[in-house]
Amino acid sequence: MDKGLVHLYCGRGKGKTTAAMGLALRALGRGRTVTVVQFLKNGTSGELEPLRSLGVNVLTGPKDTAFVSKMTPEQGWENRRWNDQMLEEAMESPCDLLILDELCAARKHDMVGVSLAKKAVLDRPGDREVVITGRDPEDWMLSAADYITEMECRRHPYEAGVPAREGIEY
């Protein structure tokens with residue numbers, strides 16, 4: 001690749017992380033290296049182990065990661081420190097594709113530093129492709145994006161009382 005571009009998968013619909021992981025598989029299939037950083041998630045999503053087995057560098061939150069709304073202030077600060085550390089590690093990791101899953105939410109809740117997030121996206125190596133996922137992207141993310149795909153939810157089983165299903169929603 002000559003120049004790495006920025007992808008933004010955003011919106012209130014399902015499929016943002018799924019699209020990002022599909023791109024990871026495509027990149028792997030073409031011999032590219034991939035790093036995935038999952039913010040605000042506990043590392044139990046079904047796609048992670050297969051990606052690890054294919055050589056993807058996966059960085060996630062601790063197993064006891066709680067929803068931001070359920071965190072104590074101390075847990076929030078610890079999560080912020082963890083997220084910043086993960087992002088710094090990812091930035092130092094040589095890769096062709098860097099996926100920043102749920103960066104939008106992590107920024108919305110101040111669970112990762114804005115200057116560090118901008119550095120990962122805006123000051124990346126010139127040939128590194130970057131994917132940002134999540135709802136409600138910040139203006140700088142919209143400006144930085146070369147691709148913007150917005151997922152729109154028109155119907156979801158959750159609205160009918162169907163809980164998230166293993167292997168489909170997580």
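Predicted model: local features only at pLDDT ≥ 70, side-chain atom pairs only at ≥ 80, totals over all residues.

Residues are numbered from 1 along each chain as its sequence is written, and side-chain values use heavy atoms, with hydrogens and water left out. My helix and strand names follow DSSP runs (H or I of at least four residues for helices, E of at least two for strands), numbered from the N terminus.

**Entry: the sheet**

I checked the pairing around β4 next, taking two strands as paired if DSSP finds at least two bridges between them. β4 and β5 are parallel and share 4 bridges. On β2, I found 5 bridges to β4, again parallel, with Gln38 partnered by Asp101 of β4.

Which order do the strands of the open sheet take? I read β3-β2-β4-β5-β1-β6, 6 strands with parallel pairing. β3 and β6 are the edge strands, each pairing on one side only. Neighbouring strands are turned by 10° against each other on average, direction ignored; axes here are lines fitted to C-alpha atoms (for helices over the stretch in contact), and angles run from 0 to 180 degrees between N-to-C directions. Over at β6, 5 bridges tie that strand to β1 in parallel, and Cys10 has Glu150 of β6 as its bridge partner.

**Entry: β4 itself**

Buried or exposed, I asked of the residues of β4? I use buried for under 20% relative accessible area, exposed for over 50% and partly exposed in between (1.4 Å probe, protein chains only). Leu97, Ile99 and Asp101 point one way, Leu98 and Leu100 the other way, and all are buried. That makes 5 of the 5 residues of β4 buried, so the strand is largely enclosed by the rest of the structure. The general rule I had in mind is that side chains of a regular strand alternate between the two faces of the sheet.

**Entry: α1**

I ran a length check on α1 (residues 16-29): its 14 residues at 1.5 Å a residue should span 20 Å, and the end C-alpha atoms are 20 Å apart, which agrees. The expected span is 1.5 Å times one less than the number of residues. I listed the buried residues of α1 as Lys16, Thr17, Ala20, Met21, Leu23, Ala24 and Ala27. Down the axis of α1 they fall within an arc of 155°, so they line one face of the helix; the arc is that of the directions from the helix axis to the C-beta atoms. Thr18, Arg26 and Gly29 are exposed on the other side. Among the elements covering the buried residues of α1 are α2 (48-53) and β5 (129-134), contact meaning heavy atoms within 4.5 Å. Past the helix, I noted Gly31 with a positive phi, near 80°.

**Entry: α3**

α3 (residues 73-92) has 20 residues and reaches 29 Å from first to last C-alpha, close to the expected 28 Å. Its buried residues include Asn79, Asn83, Met86 and Leu87. What do the buried residues of α3 pack against? I found β2, β3 (57-60), β4 and α5 (114-122). Turned away from that buried side are the exposed Glu74, Trp77 and Glu92.
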